[in-house]
Amino acid sequence: MMRIAIALTLIGALLAPSAEAKTRNGSIAPYIELGQVLTYDVNGSDVLTYSALAAGIDASLLTKRTQVQLSYRYEHRFLESGRLTDSDIHSGLARANVALRRGLTIEGGALATRARSDARGAAPGLLVGNVANISQVYSLYAGPSLGTHIGQVGVSGSYLYGYTKVEAPGFTGVDPNQPRLDVYDASHNQMAQASLNVKSGVILPVGLTVSGAWERDEANQLSQRFDGKYARGDVIWPVLPTLALTAGAGYENIEVSQRDPLLDGSNQPVVDARGRFVADTSTPRHIAYNFDGLYYDAGVVWRPSPRTSLTARLGERYGSTSFTGSFTYQPNRSVAAAISVYDGVTTFGRQLRDGIGNLPTSFSTSPSILGQDYNGCVFGAGGSDSGSAGGCLNGVFQSISTAAFRARGVDGVVTVSRGRLRYGLGAGYANRTYLAGNGAGAFSIDDVTDESFYIQAFAGVALDNRTSVDVNAYGNYYSSGIAGAPGVYGVGGAASIARRYGRLSARGAVGIYSFAQDSAQAVVSVNAAIGARYQF
């Protein structure tokens with residue numbers, strides 16, 4: 001029922017304005033697709049074939065007050081030869097930003113994708129045929145934001161609600177001698193924040209901002225709860241027309257708590273039919289992490305033009321050095337670039353909510369019959385008015401864990417659109433240090449650090465008014481940080497072609513991917529697909 005509800009939410013996001021979208025800088029294109037897929041396991045010489053029946057929709061609406069885009073695809077796979085269970089696949093992304101009136105905006109997003117589950121397990125790339133260590137993920141968020149003035153004081157506030165659901169993975173490829181980790185189920189989170197600010201030169205030569213926020217995330221697995229309260233003050237001092245110095249300090253209280261797993265007669269954790277720990281409700285909650293104290297930072301803000309912006313801050317937070325920053329550059333409508341450096345204590349559900357929120361409201365989609373899973377870098381649509389290069393979800397999906405963690409890393413994305421040619425590159429590094437409980441009878445990942453490196457590229461060209469070709473490639477490396485678990489490498493790519501004949505189009509694609517663990521033979525898979533799509 002949950003996946004159906006999310007699917008309906010994705011489709012429903014654009015049904016209301018569909019009539020308007022046809023006449024006001026928008027489009028709506030539902031379709032059905034039938035394909036034949038072959039995957040060849042080079043190592044075992046196994047061949048798997050299946051048919052895929054899909055239905056989907058691509059839609060967008062862009063006006064001065066509304067930016068909405070949705071791309072959703074449902075696919076059912078029918079086995080023909082080899083070993084494959086008939087399955088349902090959901091993949092899609094929706095982003096919306098709607099200005100209801102001056103200063104009042106509602107934004108939201110939704111995602112349906114498949115992603116790597118266990119940090120120690122396999123890392124398949126093209127999710128075709130039998131793939132290990134993959135979970136179906138659904139997530140959505142929405143909320144209003146308000147910005148106005150009371151006299152010379154700027155006032156702003158916002159509220160967001162998010163929900164994430166993860167289906168339990170099947171075979172993960174993890175050594176059975178490795179300890180059992182938690183299996184994510186579902187979580188919901190809330191965030192409210194408000195701020196007051198006065199610009200420089202109004203009262204003092206410097207600008208002043210005072211802000212506060214509250215966040216809560218509640219996960220079903222072991223009844224984990226994240227609760228954070230924040231207050232902060234900032235000063236910004238313009239030293240040149242394009243350069244300002246900034247400094248700030250704040251107070252935060254973060255507490256993560258959970259229940260212990262229920263133990264059986266052998267003092268081992270009890271799990272349900274999906275492999276999730278059963279919580280022991282007879283014991284009190286215990287604190288997995290607590291931080292109560294001050295933090296501070298200082299940095300620069302550089303804006304040499306409306307199309308270029310740089311911020312960088314260095315300080316101390318969570319008892320250690322912290323660095324954050326961002327850089328955006330858009331010299332024209334054809335080129336956009338962005339770099340983000342982040343550091344914060346968070347959870348999987350909150351990090352995914354923020355990751356979706358950082359994606360553009362106008363993004364690039366792939367016509368490949370092998371599918372687009374939206375679990376890596378999402379590139380902005382070149383030439384759009386949204387002006388966003390895109391963003392990467394690789395750091396979010398390096399693994400799926402219920403435990404809270406301190407997330408640090410850097411993402412960079414660049415997109416280019418030149419006539420009929422568009423291309424882009426995304427890369428980054430993600431590091432997580434887990435803040436977990438030490439309940440009796442269960443293995444704890446407390447203070448374990450996992451990390452990943454990733455790179456992704458795409459290129460697409462319209463050969464003529466009816467024919468398009470797309471190429472995608474990726475590479476990544478994962479290290480779980482758990483003793484005895486090897487690092488995992490992944491590399492691969494796919495090329496696809498589509499040719500339209502009125503409402504009907506013919507499609508074909510080939511792809512190859514490989515992943516390997518340290519000191520182990522690489523697993524190589526070759527895939528091919530052919531099919532037809534009818535667009536209504």
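A nonpolar patch is here a group of Val, Leu, Ile, Met, Phe, Trp or Tyr residues that have over 30% relative accessible area and no salt bridge, with side chains joined within 5 Å. In the predicted model described here, one such patch on the surface is formed by Leu-38, Tyr-40, Val-42, Val-47, Ile-512 and Val-526, which together have about 440 Å² of accessible area. Among these residues, Val-42 is placed in the loop that runs between β1 (26-41) and β2 (46-62).

Rolling a probe the size of a water molecule over the atoms shows where empty space is left. Seven cavities of 30 Å³ or more were counted in the model, and the largest cavity holds about 840 Å³ of space. This largest cavity is lined by 43 residues, of which Gly-125, Asp-373, Asn-375, Gly-376 and Gln-456 are the closest to its centre. Two or more lining residues are given by each of the elements β5 (104-116), β16 (377-379), β20 (449-462), β21 (467-479) and β22 (488-501), and the most come from β21, which gives seven residues. When the lining of the largest cavity is divided by residue class, 21 residues are nonpolar, 17 are polar and five are charged.

Helix α3, which covers residues 348-357, was considered in terms of burial. Eight of the 10 residues of this helix are buried, and α3 is therefore largely enclosed by the rest of the structure. The buried residues of α3 are Phe-348, Gly-349, Arg-350, Gln-351, Leu-352, Arg-353, Gly-355 and Ile-356. The loop between α3 and β16 contains Ile-369, which counts as buried because its relative accessibility is 6%, a value under the 20% limit. Although Ile-369 and Ala-528 are 159 residues apart in sequence, their C-alpha atoms are 9.4 Å apart in space.

Charged side chains were then examined. Side chains of opposite charge can pair when their charged atoms come close. The count of salt bridges in the model comes to 24. In one of them, Asp-185 is paired with Lys-165, and the closest N and O atoms are 2.6 Å apart. Because Asp-185 lies in the loop between β7 (153-166) and β8 (186-198), while Lys-165 lies in strand β7, this pair ties together parts that are 20 residues apart in sequence. Asp-185 and Lys-165 are both buried.

Arg-232 takes part in a salt bridge with Asp-234, in which the closest N and O atoms are 2.7 Å apart, and both of these residues are buried. Arg-232 also forms a salt bridge with Asp-297, the closest N and O atoms of that pair being 2.8 Å apart. Since Asp-297 lies in strand β12 (residues 286-305) and Arg-232 in strand β10, the pair ties together parts that are 65 residues apart in sequence. Asp-297 is buried, with a relative accessible area of 14%, and Arg-232 is likewise buried, with a value of 16%. Elsewhere, salt bridges link Glu-33, Arg-73, Glu-75, Arg-77, Arg-507 and Arg-533 in a network.

The backbone was also examined for residues with a positive phi. Most residues other than glycine have a negative phi, and most peptide bonds are trans. Ser-223, although it is not a glycine, has a positive phi of about 50°. This serine, Ser-223, is located in the loop between β9 (207-219) and β10 (225-240), and its relative accessible area of 28% makes it partly exposed. Tyr-318, which is not a glycine either, has a positive phi of about 55°. Tyr-318 is found in the loop between β13 (308-317) and β14 (320-332), and with a relative accessible area of 13% it is buried.

The loop between β9 and β10 also holds Gln-224, which counts as buried at 3% relative accessibility. Gln-224 and Asp-518 are 294 residues apart along the chain, and their C-alpha atoms are separated by 33 Å.

Notes
Residues are numbered from 1 along each chain as its sequence is written. This is a predicted model: local features need pLDDT of at least 70, side-chain atom pairs count only at pLDDT 80 or more; totals for chains, interfaces and linings use all residues. Side-chain values use heavy atoms; hydrogens and water are left out. On a 1 Å grid over the protein atoms alone, a cavity is a set of points where a 1.4 Å probe fits but cannot get out, and a pocket is an open set with protein on both sides within 12 Å along at least five of seven lines; lining residues have an atom within 4 Å of a point. Grid points are joined across faces, edges and corners, and a volume is the space filled by probe spheres set on the points. Helices (H or I, at least four residues) and strands (E, at least two) are DSSP runs, numbered from the N terminus. Ala, Val, Leu, Ile, Met, Phe, Trp, Tyr, Cys and Pro count as nonpolar, Asp, Glu, Lys and Arg as charged, and the others, Gly among them, as polar. Patches are made of residues with over 30% relative accessible area and no salt bridge: like charges are joined within 9 Å, nonpolar side chains (Val, Leu, Ile, Met, Phe, Trp, Tyr) within 5 Å. Accessible areas come from the Shrake-Rupley method with a 1.4 Å probe; for residues, only the protein chains shown count as cover. A salt bridge is a side-chain nitrogen of Lys or Arg within 4 Å of a carboxyl oxygen of Asp or Glu. Buried means under 20% relative accessible area, exposed over 50%, partly exposed in between (1.4 Å probe, protein chains only).
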